Amino acid sequence: MKRFETISFRTRRIIGLSITAIAIAIVMSIHQSIEERLGRASYFSGFSLFGALVALILIGIRRRLPMLPLGSVSTWTQIHLYTGIFAAVIYFVHVPAMIAGGVFECGLSIVFLLVTASGFYGLYASRMLPRRLTAVGGEFRYDQVPWHRNQIATAASGLLRSDHESAATEVLRGFYAKYLRPFFESSPGLTYVAVPTGSRRRRLLAGLKELDRYLEEDTRSTSGQFAALVRRRDDLDYHYALQFRLRIWVVVHSVFSVVLFAAAMVHGVLALRFTF
């Protein structure tokens with residue numbers, strides 16, 4: 001296992017795909033041979049698929065126990081990926097149509113396709129989202145996001161606490177009350193979490209820029225501090241949205257995987273029962 005971990009990523013990918021292709025070819029060859037002899041080929045492909053599901057469950061459990069001296073999490077993630085590809089191909093060998101007929105079998109097919117789709121999304125998310133996070137300023141732990149959010153809101157509310165009152169201060173205070181306070185004191189909505197964009201940030205920064213003509217030197221400095229806090233809060237919300245997406249994916253993929261495994265066991269038992 002350690003020797004495998006020292007191989008370059010490109011080489012590991014070639015080896016993994018090659019082994020997966022060979023395993024698929026062997027299963028398909030045996031499946032075709034059984035069909036030609038008028039045997040129960042669906043049993044062979046079905047139990048091959050079930051074996052892959054068992055392996056995926058066990059590998060998933062191993063990935064969540066990094067303290068075990070059984071190789072790196074990265075290696076087991078790669079094994080999980082190639083086993084998932086194997087299972088997806090064998091599914092279409094076992095079920096020639098996209099979705100099987102029958103109420104129970106149809107539901108089982110839908111759950112399998114959901115698990116497969118969520119698995120490939122997880123592959124994309126685990127590769128792309130960390131890069132997008134590192135491209136944004138700041139490092140925020142998910143469990144500390146509410147604390148950072150409160151700190152930013154507190155800092156923003158304290159910027160206008162001054163004995164100096166002027167028309168410019170009132171203008172800035174009005175803008176804060178109408179636009180900035182709701183932004184700083186509320187959590188990002190579901191729309192932003194689903195598709196985080198910079199539209200809020202650009203709109204607020206443009207509004208502060210428009211105020212410059214009405215501000216004096218000291219209030220213009222305060223406006224600049226507001227702009228810095230808007231950028232920091234937007235970066236925080238962006239980190240929160242992407243990290244939340246990763247956590248939700250783990251929950252959804254795990255739950256559907258357990259449902260799929262349980263339903264596959266029932267399906268196997270029923271198939272054997274109607275055979276004997």
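Reader: What should I know before reading the numbers?

Author: This is a predicted model in which residues are numbered from 1 along each chain as its sequence is written, and side-chain values use heavy atoms, with hydrogens and water left out. Local features need pLDDT of at least 70 and side-chain atom pairs count only at pLDDT 80 or more, while totals for chains, interfaces and linings use all residues.

Reader: What is the mean pLDDT of the protein?

Author: The mean is 84, and 90% of the residues reach 70 or more. pLDDT is the predictor's confidence in each residue, from 0 to 100.

Reader: Which elements have the lowest and highest mean pLDDT?

Author: Helix 1 (residues 2-5) is lowest at 50, and helix 6 (residues 145-157) is highest at 92. Where pLDDT is low, the predicted coordinates should not be read in detail.

Reader: How many helices and strands does the protein have?

Author: There are 10 helices and 0 strands. Both are DSSP runs numbered from the N terminus: helices are H or I with at least four residues, strands are E with at least two.

Reader: ok, what about burial? How much of the protein is buried?

Author: Buried residues make up 36% of the 276 residues. Buried means under 20% relative accessible area, exposed means over 50%, and partly exposed is in between, using a 1.4 Å probe and protein chains only.

Reader: And contacts, what share join residues at least 24 apart?

Author: Among contacts between residues at least 6 apart in sequence, that share is 76%. A contact means heavy atoms within 4.5 Å.

Reader: Switching to helix 5. How many residues has it?

Author: Helix 5 (residues 103-134) has 32 residues. From first C-alpha to last, helix 5 reaches 46 Å, close to the 46 Å expected at 1.5 Å a residue. The expected span is 1.5 Å times one less than the number of residues.

Reader: Where does helix 5 bend?

Author: At Ala125, by about 30 degrees. The bend at a residue is the angle between axes fitted to the seven residues ending there and the seven starting there. Ala125 is also one of the buried residues of helix 5, a list including Phe112, Gly122 and Leu129.

Reader: And helix 7, where is its kink centred?

Author: On Ala177, with an angle of about 45 degrees. The 19 residues of helix 7 (residues 167-185) should span 27 Å at 1.5 Å a residue, and the end C-alpha atoms are 25 Å apart, which agrees. Among the buried residues of helix 7 are Leu172, Phe175, Tyr176 and Phe183.

Reader: Next, Ser45. Is that one buried or exposed?

Author: Ser45 counts as buried because its relative accessibility is 0%. Ser45 lies in helix 3 (residues 41-63).

Reader: What does Ser45 touch?

Author: Not counting residues up to four places away in sequence, Ser45 touches His31, Ile90, Val93 and His94. The side chains of Ser45 and His94 are also joined by a polar contact of 2.9 Å. A polar contact is a pair of N or O atoms within 3.5 Å; within protein, one must be able to donate a hydrogen and the other to accept it, and residues adjacent in sequence count only if both atoms are side-chain atoms.

Reader: Now salt bridges. How many are there in the whole structure?

Author: A search finds 9. A salt bridge is a side-chain nitrogen of Lys or Arg within 4 Å of a carboxyl oxygen of Asp or Glu.

Reader: What does Arg200 pair with?

Author: Arg200 forms a salt bridge with Asp234, with the closest N and O atoms 3.4 Å apart. Arg200 lies in helix 9 (residues 199-211) and Asp234 in helix 10 (residues 217-275), so the pair ties together parts that are 34 residues apart in sequence. Both residues are buried.

Reader: What about Asp237 and Arg233?

Author: They form a salt bridge too, the closest N and O atoms being 2.9 Å apart. Both lie in helix 10, 4 residues apart, about one turn of the helix. Asp237 is buried, with a relative accessible area of 0%, and Arg233 counts as buried at 0% relative accessibility. Salt bridges that share partners join Arg200, Arg201, Arg233, Asp234, Asp235 and Asp237 into one network.
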